[in-house]
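Please work through the exercises below with the sequence and the structure open beside you. Each one sets a task and then gives a solution in steps.

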Protein chains: 2
Amino acid sequence: MTMFLDVPATGFTGNILDRADEIRRDTAGLIAMRARPDARWLVLDGLNPVVKQAEGGPPAILWAYRSDIPHDALSIFLGMGPHGPRFAAAAPSDELVADFGGKVLDARAAGSLLPAPEAAIVAQARSIIDWHQRHGFCAVCGAKTELAKAGYARQCQGCKAEHFPRVDPVVIMLAVKDGHALIGRQPRFPKRFLSALAGFVEPGESLEEAVRRELWEEAGITTKRVRYLASQPWPFPSSLMIAAFAEAEGFEVRLDEEELEEVRWVTKDEVRAALAGTGDFLAPPPMAIAHTLLKAWVDEA
Amino acid sequence: MTMFLDVPATGFTGNILDRADEIRRDTAGLIAMRARPDARWLVLDGLNPVVKQAEGGPPAILWAYRSDIPHDALSIFLGMGPHGPRFAAAAPSDELVADFGGKVLDARAAGSLLPAPEAAIVAQARSIIDWHQRHGFCAVCGAKTELAKAGYARQCQGCKAEHFPRVDPVVIMLAVKDGHALIGRQPRFPKRFLSALAGFVEPGESLEEAVRRELWEEAGITTKRVRYLASQPWPFPSSLMIAAFAEAEGFEVRLDEEELEEVRWVTKDEVRAALAGTGDFLAPPPMAIAHTLLKAWVDEA
C-alpha cells in the first residue's frame, strides 16, 4: 500500500463549506439559493472581514442577512454549510457595525484570531473578491467583463473570452545541511524577523526546479533533492504556498541584495528558541507555513 | 537529518538554462545580450516550435540567429545556456523552413519527441508567449499593455499596473484503496484512454484540500490523507501539474457526468499491462505526470 503520512496542519485551511461546483453552473438554482431564508453573507469591507466579538471572547465571522447587502454589491457563492448556503460580498460595513455591533478585522489579523475554518473562509472570499475588483476588463481585447459562474469566472462582453480567478503558486523552503537550515530577511520584514526563503513558481518549471532556482538566485546556494512538506492558501492576494526542504551542497552564500538583506544558517536549538519567543530572532507566526516548516524541521528525529 | 527521497523525473523538466533573473531588470544588459554573436532564438510558429531533424535522427530545436527574427516579433529572454544567451520569439517559420530545413513540430509531439531538456525549454517559451498574446490589455483599466522585464511582466500604458505571467496549479491524483486505484475518462479523451482524475486548484484551498474536493466533486469519493509525489509544468497553456495519492474511504462512486464519462477501479496488474501497451485500456504517455503517478503506484512495495 502507498505509504501515507499526516501532512502538518497549516493556516487558512480547514474550510468546511462544500463548494458545490454544480450550483455555479445553474443560474436558476443560484437565484433560489440566494433567496433561501438561511442564506448568509460574509462581508468584506476593503478586503477585510466584518466580525462580531462578545466582551472578552474571540472574534467570529458576522454572517449577514441578504437584506443587509446592497443590491449592487459584488457577491460570490462560497459553498453550502451545515446551516445553509454561504456567500461573500464586497460592501461597506457601516450598517453592520451600527446595527449588529460588527467590526472590521484586518485580514492578516483574521488569520491569527479567527478559528481556523473561519480564517479559511475569509481567505477564499478575499482572494476571489480581490480578483474581481482587479479584472473589470478583458486582457484579450480590452472590453468590459462581467461576473459569471457565481463568482468563479468573468466573461468578456466584447470577445466573449472567459477568465478564471488566479492562484499563484509560491515555493517556500528551507535549505538544510548538517543540522543547519537557511533563513533570511527581506527588506520589508520587521526588525529581527527572519523566515524561510520564498518565490513565485515560473512558467515552465516544476516545484522542485522552482525551489532550486530560488535558492540559487536569492542566496547562491546549490541544492540537490527537494522534499515536499505541506501547502496553504495565502490570501495576499491569492497565493498557494508550497513548503519544502532542499538538500544544500554547501554553506557558502551569495546574497541577492534586492531580495534579501541577510541570510543566516541556524541550528535547531536556535529555531526552537525563536519559535518559543525567546530566541535572538523573531520567527513567523503559526498562521504562516514558514512556521509549520521550521517546526517540522526541529521536531523531526 | 531531513529524509530526502528521489522525486520521479517528469515530462517537460530538466531545462538547463539559467533564467538569470538579474538580466531581466537590466535593460542595457539585455540589449547587449541580444546583440551577442552567440545569442540564439527558439521560434514558435502558432505556439509550435520550429525544429530541425537529420534524415532518420531525432528532432532538435532549430536555434535561429537574430537576423532570422522579424524586428517586430514578440521576443522573450529564456536564460543563459552553456553556448550563450537564449531567447524565444513568436514568428512565422517560412524562411527557417526554406533556408535551414526547419519544420514546425506540434507542441504536444515536442513533449514526446524532443530530448527532455529541450522539451522543457519549449514549455517555458510556449507558456510565456501564449500569455503575452492573450494579455495585450490591462485587466484593471482596459488600456494597452506592453511587454516588460524581458518577457516576465507586462505594464499598463494607462494606469501603470504590472501584470505577471500566470501559472495555474492543477492537482492530479489517484484515489487508492486495498490494491486498487481510481482512474477515469473525460469526454474529450480518445477512445479506451483512461487517466488520473485532475482539476484546477481554487483560491482559498491547500493542495490536499483541492485533491479531496476534486475526488468528491468528480467521483463522489471521500478521501483521508493525501501524499504528494511529484510535479511538472504543462504548457497547454500554462499549468503546474501536482501529482498525489489519496487514501479512499470506500469504493462506491457517483459520477459528475459533465466532467467524466467513466471511472474505474483498477489493479496494479491491469495498470502494468496498460503501461506496457498490452492492457484493455490506453494509459497516458511518459511525458504526462499521470504516467509517472501510475508507474510509481505499481512500482512501490
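**Exercise 1. Describe the contact between chain A and chain B.**

Solution. The model is a predicted one, and the contact in it draws on 54 residues from chain A and 54 residues from chain B. On the side of chain A that touches chain B, the elements giving two or more residues are helix H5 (116–133), strand S10 (168–177), helix H6 (207–219), strand S13 (223–234) and strand S14 (239–248) of chain A. The largest share of that side, seven residues, is supplied by S13(A). Sorted by residue class, the side of chain A that touches chain B holds 25 nonpolar, 13 polar and 16 charged residues.

**Exercise 2. Work out how the two copies are related.**

Solution. Begin with the superposition: chain A is brought onto chain B by a rotation of 180° with 0.0 Å of shift along its axis, at an RMSD of 0.0 Å. The two copies are therefore related as by a two-fold rotation axis. Next, locate the axis from the side of chain A, where the C-alpha nearest to it belongs to A:Gly142, at 2.2 Å. Finally, compare the contact residues: 100% of those of chain A recur in chain B, and the same surface thus serves both copies.

**Exercise 3. Find the nonpolar cores and examine one residue in the largest.**

Solution. The largest nonpolar core has 160 residues, and those with the most contacts inside it are A:Ile172, A:Met173, A:Ala244, B:Ile172, B:Met173 and B:Ala244. Taking A:Ala244 and leaving aside its neighbours within four places in sequence, we find it in contact with A:Val171, A:Met173, A:Val211, A:Val226, A:Arg227, A:Tyr228 and A:Leu229. A second, separate core consists of eight residues, among them A:Phe137, A:Cys138, B:Phe137 and B:Cys156. As background, nonpolar side chains in soluble globular proteins tend to be buried together.

**Exercise 4. Trace the three-stranded sheet in chain B.**

Solution. The three strands form an open sheet in the order S7-S8-S9 (chain B), with antiparallel pairing. Its edge strands are strand S7 (145–148) and strand S9 (162–163) of chain B, each of which pairs on one side only. Strand S8 (residues 153–156) of chain B is joined to S9(B) by two bridges, and B:Gln155 has B:Glu162 as its bridge partner in S9(B).

**Exercise 5. Summarise the fold of chain A in numbers.**

Solution. Of the contacts in chain A between residues at least 6 apart in sequence, 65% join residues at least 24 apart.

Note on methods
Residues are numbered from 1 along each chain as its sequence is written. Chains are lettered from A and ligands numbered from 1 in the order in which they are written. This is a predicted model: local features need pLDDT of at least 70, side-chain atom pairs count only at pLDDT 80 or more; totals for chains, interfaces and linings use all residues. Two residues are in contact if their C-beta atoms, placed from the backbone, lie within 7 Å. Helices (H or I, at least four residues) and strands (E, at least two) are DSSP runs, numbered from the N terminus. Ala, Val, Leu, Ile, Met, Phe, Trp, Tyr, Cys and Pro count as nonpolar, Asp, Glu, Lys and Arg as charged, and the others, Gly among them, as polar. Copies are superposed by least squares on the C-alpha atoms of residues with pLDDT of at least 70 in both. A nonpolar core is a set of buried Ala, Val, Leu, Ile, Met, Phe, Trp, Tyr and Cys residues joined through C-beta atoms within 7 Å. A residue is buried if 20 or more other C-beta atoms lie within 10 Å of its own, exposed if 12 or fewer, and partly exposed in between; C-beta atoms are placed from the backbone. Two strands pair if DSSP finds at least two bridges between them.
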